[in-house]
Amino acid sequence: MRKKVVGWMLAFALLATQGSVAALAAERETETGSSPAAKESLEEEQTAGQEAVIRQVTRKTETISEGRKQVEFLVQGENLKEVGVRIKMGLFAQKLDLFQIVREGEGESQSIKILFPENETGGEEVYEVQFFPTPETKGKIAFETSYEVRIPRKEETGEPELWWVRNAMCFGDLYQAGDEVVVWVKGKHLTKENVTLEFSHPESVMIEKVEHPNDENLTYTLFFQENPEAGRKEHIITAKAGRYEKTMKLTQYGTADTDAPKPDVKPEPTLPPVIQNARLCCEEITAEGGEPTLTLEGENLKTDNWNVTVEAFEKGTDTRVEQMEVTVEKTSATSAVLHIPENKTGKELQYQIWIGVKAKGTEPILKNLYQQKKEAETEPIEEDPQIREGWREDRIGKWYQYEDGSYPKAEAVEIEGEIYYFNAAGYLECCRWIQTGGHWYYLTYESKAAKGWVGIGGSWYFFDKKTAQMQTGWLKEGDAWYFLDGNGVMKTGWLYTGGSWYYLGETGIMQTGWLHTGGNWYYLDETGAMKTGWLREGGSWYYLEGTGVMKTGWLYTGGSWYYLEGNGVMRTGWFYTGGSWYYLEENGAMKTGWLLEKGNWYYLKGNGVMAAGVALSVSGTSYRFDGNGKWIG
């Protein structure tokens with residue numbers, strides 16, 4: 001046997017001198033990569049006494065302090081001068097300066113402590129930690145050295161979190177003459193009140209508009225005055241929310257920058273806006289004021305290409321009433337709410353509402369709205385000397401009278417199956433939100449409280465079909481589930497609540513089962529909650545990452561390698577990829593070492609690659625394998 005081993009060694013040495021190292025490379029097991037096959041690479045020839053070898057890596061301790069996880073590894077081997085560390089997330093290597101790495105000891109036993117950054121995302125973060133001899137030692141790794149470290153998502157506290165602040169435009173520089181910039185703030189539990197912006201040159205910046213589409217996003221439209229100086233001016237913008245602080249930088253060119261680059265923005269062709277019709281929800285409101293809605297019908301309408309102007313006059317005259325200030329709130333591309341104040345003039349008023357588009361050659365549309373005057377007497381006039389319960393109406397408005405002559409005031413009342421709201425004077429209200437008894441209602445142009453699904457200002461709300469109260473939280477309507485936020489608005493897209501992620505489609509319906517969005521596959525169980533980890537579905541196994549994304553390709557978890565096909569299904573049995581054969585056991589784990597399959601012995605190296613067409617030394621004994629991997633002697 002000794003002669004046979006020596007003979008094989010001489011044969012391999014002869015092949016190496018002739019430049020053919022394929023067989024030798026197949027025997028070598030080297031540094032781990034993104035797949036088991038990537039672990040094999042040819043190292044430079046060295047003597048045994050000079051090689052640095054990692055023999056064992058042990059995960060010793062894991063501690064969490066102030067939201068950050070620290071993991072200690074004990075690396076043992078031979079001739080180790082310094083052990084290299086590589087940290088990846090998915091396919092991407094991470095910069096080591098994001099981590100605090102403390103090394104203790106040297107030589108054959110070294111302790112490496114890694115402090116991971118705080119997880120500020122909405123999902124679990126998964127890192128892959130790899131160890132290897134540094135290039136100076138030119139050593140090798142004697143076994144698998146890739147370890148998975150999971151950083152759980154933060155507990156929900158309700159406190160604001162700030163993830164980043166950045167320029168929402170496609171360029172980051174400003175013209176010398178000043179420019180408009182949209183700044184995007186991203187985080188969690190954000191409001192206009194708990195987020196502040198600070199500027200290094202506050203005298204040069206003006207906040208024109210703040211938009212708050214949801215509790216994870218805020219956008220600020222800023223206008224920068226021109227820079228009168230010759231040199232460039234650097235603007236530092238700092239966003240603060242709770243204990244978080246993020247900054248961004250913008251450069252403004254000076255007068256000396258005659259050739260200052262300008263952003264290459266090609267405006268998209270736009271079609272002219274057209275208003276075909278405008279409708280008010282009502283023609284008259286009470287003296288107490290109200291919030292009538294204006295709805296437009298037309299084409300190519302956006303919130304910034306049409307205007308509404310309101311003027312108040314004494315009814316039937318050309319006498320303007322200056323003290324009546326009406327504000328217009330655009331709630332969508334085709335709707336607005338008019339905030340009409342209380343009429344204290346003692347006269348009936350007529351509001352001329354002009355609606356026009358920002359385009360040449362177009363004529364505005366005129367709508368009239370009338371407001372009653374405030375009478376000295378607020379008691380409704382009893383028209384029928386014989387008291388009977390029912391509806392009454394006078395020159396001011398409508399009210400409802402009970403049999404005893406009384407009538408509802410400042411309250412919501414159910415009459416003949418419908419909910420109505422009466423103001424402090426006892427008259428019907430319409431076209432506005434009202435809150436009473438701790439609940440919100442919406443009054444339609446018919447003065448009835450809305451029930452069921454209602455679209456208001458570009459958002460959908462649901463009002464109880466019996467009580468007309470606005471609903472929040474989870475709602476089951478028919479066979480579908482919906483979620484309404486604290487303001488009653490129906491949610492769409494991803495939703496995090498109760499410690500789980502859910503997905504609501506464009507119509508608001510909660511999704512279950514497989515979901516394809518954003519180029520990735522996710523799985524939502526029967527409760528709608530997003531799944532992570534291993535999933536058994538339809539007789540097959542799948543793996544979903546901490547973010548919920550279905551994994552494909554090689555996966556290292558729980559100390560074993562697995563392979564998931566392009567459709568996510570876990571492979572078992574013989575498997576050919578990257579020019580090599582592997583064997584995956586019934587549980588999907590990649591096999592290493594000896595394998596007896598259908599009466600034949602095979603050997604799978606430490607990286608899972610089947611030995612084929614080579615002679616291999618295993619535990620000091622030489623074995624030969626044919627081209628199909630079968631042991632032949």
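Me: Is S204 buried or exposed?

Reply: S204 is buried, at a relative accessible area of 7%; buried denotes under 20%, exposed over 50%, and partly exposed the range in between (1.4 Å probe, protein chains only). This is a predicted model in which local features need pLDDT of at least 70 and side-chain atom pairs count only at pLDDT 80 or more, while totals for chains, interfaces and linings use all residues. Residues are numbered from 1 along each chain as its sequence is written, and side-chain values use heavy atoms, with hydrogens and water left out.

Me: Which residues is S204 in contact with, leaving aside its neighbours within four places in sequence?

Reply: Contact means heavy atoms within 4.5 Å. On that basis, S204 meets F223, F224, Q225, K233 and H235. S204 and F223 are 19 residues apart in sequence, with 8.3 Å between their C-alpha atoms.

Me: In what order do the strands of the open sheet stand?

Reply: Strands of a sheet pair through backbone hydrogen bonds, either parallel or antiparallel. A strand is a DSSP run (E, at least two residues), and two strands pair if DSSP finds at least two bridges between them. Here 4 strands follow the order β19-β25-β24-β21, with mixed pairing. β19 (284-285) and β21 (306-314) are at the edges; each has a single partner strand, so one side of each lacks a neighbour in the sheet. The pairing of β19 with β25 (365-371) is parallel, over 2 bridges, and I285 is opposite Q371 in β25.
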